[in-house]
Amino acid sequence: MEKLLSNEEFNALLKDVELKKGDVMVSFLADPTSGVDEALKKLKVYWKIIKPILKVAKLITPRKIDKAIDEFIGIVNKLVDETTSDDEESELLLKFALVWGTVKPVLVAAKGITPPKADAIIDEIIKVGDLLAKS
């Protein structure tokens, strides 16, 4: 079984992450290619907060949802890896879009138990996820 973060570890991690609210959609509309790149940069910064939230969610979600969460984690791990080629990135974004509809409600529900800063990060990730799912 994977080790989950304690409350103290999660709060320390949360404290280290700087929340930057920016409109990724504006970047995307101006230039879809660089907009996706900007969205992926934002995803990378917040991934260290979102990933543990999803792992905890698996404790209470059904197996079918767990499978989607695991797939999503694998996809995002590869997307934020800077060695991914453009072709791999395109393929991963297609897979991202397929599981995003399952993962997004889990993140929305998680806001009921996370602190305000984590809620704001989840809101930013939802914006990014919606954008990437459409790209």
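# A tour of charges and helices

Start by selecting D37, D81, D86, D87 and E88, which form a patch of negative charge on the surface. The model you are looking at is predicted. Helix α5, residues 86–110, is the biggest contributor to the negative patch, supplying 3 residues.

D37 is classed as partly exposed because its relative accessibility is 36%, and partly exposed is the class between buried, under 20%, and exposed, over 50%.

Now select helix α5, residues 86–110. Where is the kink in α5 centred? Click on W100: the kink is centred there and amounts to about 50°. Then colour the buried residues of α5, which are E89, L92, L93, F96, V99, W100, V103, V106, L107 and A110.

E91 has a relative accessible area of 45%, so E91 is partly exposed. K95 is partly exposed too, because its relative accessibility is 35%.

For another one, select K58 and D70. Their side chains meet in a salt bridge at 2.5 Å, N to O. K58 is in the loop between α3 and α4 (63–79), while D70 is in helix α4, so this pair ties together parts that are 12 residues apart in sequence. Both ends are partly exposed: K58 has a relative accessible area of 22%, and D70 has a relative accessibility of 38%.

Move on to D123 and K111. Here too there is a salt bridge, and its closest N and O atoms are 2.5 Å apart. D123 lies in helix α6, residues 116–134, and K111 in the loop between α5 and α6, so the pair links parts 12 residues apart in sequence. D123 is partly exposed at 31% relative accessibility, and K111 is partly exposed at 28%.

For the last stop, select K42, E124 and K127. Salt bridges with shared partners join these residues into one network.

Conventions: Residues are numbered from 1 along each chain as its sequence is written. This is a predicted model: local features need pLDDT of at least 70, side-chain atom pairs count only at pLDDT 80 or more; totals for chains, interfaces and linings use all residues. Side-chain values use heavy atoms; hydrogens and water are left out. Patches are made of residues with over 30% relative accessible area and no salt bridge: like charges are joined within 9 Å, nonpolar side chains (Val, Leu, Ile, Met, Phe, Trp, Tyr) within 5 Å. Accessible areas come from the Shrake-Rupley method with a 1.4 Å probe; for residues, only the protein chains shown count as cover. A salt bridge is a side-chain nitrogen of Lys or Arg within 4 Å of a carboxyl oxygen of Asp or Glu. Lys and Arg count as positive and Asp and Glu as negative; His and the chain ends are not counted. The place of a charge is taken as NZ of Lys, CZ of Arg, CG of Asp or CD of Glu. Helices (H or I, at least four residues) and strands (E, at least two) are DSSP runs, numbered from the N terminus. Buried means under 20% relative accessible area, exposed over 50%, partly exposed in between (1.4 Å probe, protein chains only). The bend at a residue is the angle between axes fitted to the seven residues ending there and the seven starting there.
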